[in-house]
Structures are given as structure tokens and as C-alpha cells.
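Thanks, everyone. Please put the model up on the screen, and I will go through the backbone, the domains and then the ligand site.

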Amino acid sequence: MHYDDKAWQEKMRIKLDVNNMFSKMIGQEEGLSQEDLKDYQEQVYKALENIEEAKEAGKLGFMELPFVQEEVVKQLKEAAEEAKDKFDNLVILGIGGSALGNIAVQTAINHPHYNLDAEQRNGYPRLFISDNVDPSGLKALLDVLDLEKTLFNVISKSGGTAETMSQFLLARKLVAEEVGAEKVAEHFIATTSKDSGFLIEIAKREGFKTFHIPENVGGRFSVLTPVGLLSAAFTGVDIEALLAGAAYMDQICQQQDLWKNPALLNGVLQYLAYQNGKSLSVMMPYSDKLRDVADWYRQLWAESLGKEVDRTGNKVNVGPTPIKALGVTDQHSQVQLYTEGPFDKVITFIEVEDFGVNLEIPEAYSDLQGVGYLGNHSFKELIETEKNATELALSQKNRMNETIILPEVNEFTLGQLFYLLEMQTAVIGELFNINAFNQPGVELGKHYTYGVFGRDGYEAKQKEYENRPEHDDKLII
Ligand code: PA5
């Protein structure tokens, strides 16, 4: 396989350019110095040690994923081949960590109009990812699908998320009505915890095919489990290359030297930026393919780092606010603010070196200077120049920024990117001394909903909800 080839791997290695985080580029007042980093050298070594210890103790399952899934990959590929002939549509029912990675992989790897173009699909089913319970959106999707030719993948690690399970209940009822109760099992695959939760119980009762999410992998770290790998395999993505990319980045992220380990380096830089008042962290890929990676990362960063208490129980209320933007599109929406607004942001650009297509801007109107100058250039030149120009403008205005560089967008580089961002999140969690792997804030909202809907065990939450303060009509205009 070409992704085992060392020279190819090196060529496909993603890089991190942090020049514009330092005072040499953005001035003394806003920029960091090498000295600032030296002070953190010890802390990052400790962070890496703690991460390794937690991994050894079996707590950080995401770090094991690139190495332990040979059998799962085989099963997923077999299931994907089977589904190819049987189904025209695959619908993912999931939310948060059980949907965002699927969307990111699909957008990055498959053709942008994959669902519209049968030739691009190469016999694989169309993919729909339903991650909301807006009745109009859900109804619209289920109305247009031929359920005879539709496979549903219900994804929920806990097996009890109200949104996902409600969608499942509806899809199951419709399949039973339209295709036949005896055929329901053929139309559902459950991806969930092996031994806990209600979805596994339902799957067993109904005889659904199942794939498992390891207990020690949290939802937002689960893109490289069957959560993300199933829809990837079922749409023709090379899931072995995704895992190989993650494994390659794992090696890089084991290095203790800050200047050889991008997860450590970026973890500490983002941490220092936050300490210097940059509480907003923007991710801005200059690539349509990577736009949903920024969305995936937004959840990873927000749920992992937004915490009320540190590990010793002190109230800290920390967490950088992740913001997603898209280059060049958001140059015409956000960049004015990033360049001249408050000094509260650090911008991470993502740059792609090879877009895989060559598209020229045609020459015309040479007599009209304001348009004629565009001809004889390419769109690649245009997007690159605009990224460099935005970077320069931000730097001239003393704004912290950095760039993650992908040689091209493929499964191997995407696997690296996922893993790098996950490791970086673990590192910064260590520096904040918080638990980056829980999400008590998300659970609280879930529990109120369970209470209101009458789920056993959530009566106290129902009471709290019912006794919530009344809204004052005078404040509703
Ligand atoms: O990262 C997380 O843990 C959450 O975003 C979950 O993925 C999300 O709440 C869905 O949970 P579940 O997979 O249990 O349905």
C-alpha cells in the first residue's frame, strides 16, 4: 500500500508554521518570545508524561484506535460491499460526536456533489447525515427517500440520546409501515457501546447488525471508531489510509522535543495565547474540503476545554471559544473584525498545497484594467495569494496567527489532522489542569429533557425544569 511507503509518508506529512505567533513577525506587544516557550518546556514534558500514563492506564482510547482495529476494518469493508448492491441511501442518525466526524470525512474526501453524481459514487449509496430534530428537516428527508433502498446507521455511544433515539423510533416505524415489519432488521445498523445503554439492548432484540464504540473513547474523539469509519467505508473512503495517517501522526506526537511535536507546540502556543487574552480561537481552512473539519474541531475544542472546575475541584471557568471560518469566503465577512477588532483572537489557517485540479482564469477584457489583470493566473494562485495576503495583513496588525499545511487532502493527511488536533486538545487540557474528556455541561441539558419527557430516574430534573423562573412578558417585545 502506498501509504506504508516512508518516502510517500514524508511527502504527505502535515506541517505547522508558527512564525506569526512570535514577536519577530507580529511585534513585541502581542507576539510571544522563545523565552516564553522555554518556561513551559518542563510543563509540556509533564503533560506528555501524564497523557502517556493515562493511555497506559487504558483511559485514552482514541490513542489506541490507529492500531487495534484490523478486524473492525475488515468487517466494515465487507458490510460496505454488501450494502453497495442493496441500498441507494445511507442515513446516519446521530448528533455531536456521533455525526460531526462523519460529515467532516465526507466533505474532505468524497466529491462535493457525491449524492448527485452516480458515477462519482461508484455504486456506493448516497449519504445523508441527520443530526437535528427540527421536524421540518427530518420530515423532508424521510419524505424523499425510497425506504426500500435506504439503510439507517443509528449512532449513539450512550444509547440513550433523546434526539437520536427519537429519530430512530420514527425511521423504524416508517420502515415497518412501508417496507414491512419483518424487514426492519435489514434496514438498520447500530453503532453503540458494546455492553451498556438501551441501543445495544434494542439492537439485540431486533437483530440489527452492530458495531461497537470502545468505552474509553469519548464521543468527540470517536471519528476513527466505527462511528466515523462506517459511513466512510460505505461511501468508498479508504479507511485504512485514514487510520494509517493517524498512526503516522501518533509517532510524531510521541516526540518529547517541543519543536518536533506539533501537538505539544500548538498546545502550548494556544494555551499561551489564551493566557495573553486571546480567548477566541479561529480555525480558517482555505479549502472547501476542510470546512467541516473546522466544524468537527469546534466541538472537540469546546466540549473538551470549556470547563467550570479544574482537576482539584477549583472553580476556573476556562476554555477558548472555537470559531470556524472559511477562506476565502469569510475574508468578505469576518476578516475585518479579525484584523481591526479586539486583540482577543488567535487564527489558525489551514492551507492545502495541491488541490488536485488545475483551473485557469481565462484571459479577457485586457482593455479593462480592473478585470483584465486576472487572466493568465490560476484559481490556485488566487486562493494561495489571498491566504498569504490575509496572513500578512493580520501580522502587520499584530494579530497572532499560524498555519497548518496539508500537502494535499486525502485520507492519509486527514487521519493525521484528526489525530494531531485530538492530541493537541489532550495537551492543552493538561496545561489547564482540567478533565478534557468529560462533558458535564452537555449532560445537564440532556437530563432536563429526559425529565420533561418522563424518563425514569430524572424526576428531580423534571421538577427543576417545571420550577424554572417565569419569563417576564414585559421583556418580550
Ligand atoms: O462528545 C460527546 O460526548 C457528545 O457530543 C456526544 O457525542 C453527543 O452528545 C452524542 O452522544 P451519544 O453518542 O451518546 O448519543
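First, a term: helices (H or I, at least four residues) and strands (E, at least two) are DSSP runs, numbered from the N terminus. This is a predicted model, in which local features need pLDDT of at least 70, side-chain atom pairs count only at pLDDT 80 or more, and totals for chains, interfaces and linings use all residues. Residues are numbered from 1 along each chain as its sequence is written, and side-chain values use heavy atoms, with hydrogens and water left out.

Two backbone details. N376 belongs to the loop between helix 15 (369–372) and helix 16 (379–396). Although N376 is not a glycine, its phi is positive, about 70 degrees.

Now the domains, whose bounds come from an automatic or database domain assignment. Domain 1 covers 6–56 + 242–432, domain 2 covers 64–237, and domain 3 covers 441–475. Between the C-alpha centres of domain 1 and domain 3 there are 38 Å.

On to the ligand. Which residues come closest to the ligand? They are S98, S156, S158, T161 and Q299, out of 14 that surround it, where a residue counts as near if one of its heavy atoms lies within 4 Å. By class, that shell has nine polar, four charged and one nonpolar residue. Here Ala, Val, Leu, Ile, Met, Phe, Trp, Tyr, Cys and Pro count as nonpolar, Asp, Glu, Lys and Arg as charged, and the others, Gly among them, as polar.

Oxygen atoms of the ligand lie 2.6 Å from a polar side-chain atom of Q299, 2.8 Å from a polar backbone atom of K157, and 3.2 Å from a polar side-chain atom of K446. The protein buries 91% of the 390 Å² that the ligand exposes when taken alone, by the Shrake-Rupley method with a 1.4 Å probe.

Notes:
Polar contact = N/O pair within 3.5 Å; in protein donor to acceptor, adjacent residues only side chain to side chain.
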